Amino acid sequence: MQLWTDLEQVPPGFGPSVVTIGNFDGVHRGHQAVLDRILRLARSDSASAVAVTFHPHPAAVHRPELAPELITGLEDRLALMERTGLDATLLVSYTLDFAAQTPEEFVSRYLVEGLRARTVVVGHDVRFGKGNAGTLATMVELGGQHGFEVVAIEDVGDSPGEGDGHQRWSSTAVRALLAEGDVDQAADVLGRPHLVRGTVVHGDARGREMGFPTANLGDITGLVPADGVYAGWLRRGTAATCANLAGPERDRLAASGAGLGQEEILPAAISVGTNPTFDGVERRVEAYVLDRTDLDLYDQTVVLEFVAHLRPTLRFDGMEPLIAQMNDDVARARKILRP
């Protein structure tokens, strides 16, 4: 996937293209369905499949106090979009100046001149341009003027789920599920386990003293689920590092000699919370790799994937009951991850 962070990076003569527009936070199953749609349209029309996305989230610019916490960091969002098979992504720096464009200016500059769109795929509730003045009708009208077709689909990124028929494939649904610690249902909406990324930093070393050395994460990107203990996976190595990159940055790291295949995927028990047994106040995310006490992960970038919620955070009356509970947590995590 080509990644462009400015229209000037789009190669001269690029196109024709099939384009969709959105934030794609989480790249959940609804987003995947939309991106699959533009891929199929592009392949049938000998065109390139392109997504236009934004950073930061528009709400963070217009209403920062109401902006949603992002499910995925930018790098992981781009990597997940790349996995769908997109030919290119245009990452637009969302600013007040960008938002001040009229709908006509946005369409002319980005979709027509920049990407040479032959087809534009949007939701029925699409809004674009200054003051969100542009609607689906506006896009259809501009498509007629500039010679591109508009394909409207139901609720971009918010399609009906499977099962009981009431689950929604939406970023809002994922945030609500993660806030409850329901990582299993969140994975159903995402189409994969929810992940966070961070750098392993030094902690209090209490886990090591109790026989469960943990990797404490700092500089975390991605939405941390509710406090509790989870079964999951810890990914480390070159592939985990490269997975959050796209375009030239990924190519440069891959060419460094380490390669993209040297990744370890390790089963882990993951704790989120303040360590109330020790009167902690700082919320932490830490992972114990099952049955491993020999790992040195300090300063490494790792990914944690949340598979199942084991229990809420509890306060224990001393070390012994805590250690007993941790042994039980590890046994349950092992059974889930290595059935």
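The structure is a predicted model, in which local features need pLDDT of at least 70 and side-chain atom pairs count only at pLDDT 80 or more, while totals for chains, interfaces and linings use all residues. Residues are numbered from 1 along each chain as its sequence is written, and side-chain values use heavy atoms, with hydrogens and water left out.

Select residues 301–311, which form strand 14; strands here are DSSP runs of E with at least two residues, and helices are runs of H or I with at least four, numbered from the N terminus. Eight of the eleven residues of strand 14 are buried, meaning under 20% relative accessible area with a 1.4 Å probe and protein chains only.

Finally, select helix 7 (residues 171–179) and helix 8 (residues 183–190), which pack at an angle of about 165 degrees with their axes 8 Å apart, the axes being lines fitted to C-alpha atoms over the stretch in contact and angles running from 0 to 180 degrees between N-to-C directions. The two helices are therefore roughly antiparallel, a term for angles over 145 degrees. Their contact (heavy atoms within 4.5 Å) involves residues including V174 of helix 7 and Q185 of helix 8.

How values were computed. Parallel < 35°, antiparallel > 145°, perpendicular 65-115°, else oblique. Buried < 20%, exposed > 50% of the residue type's maximum accessible area, 1.4 Å probe, protein only.
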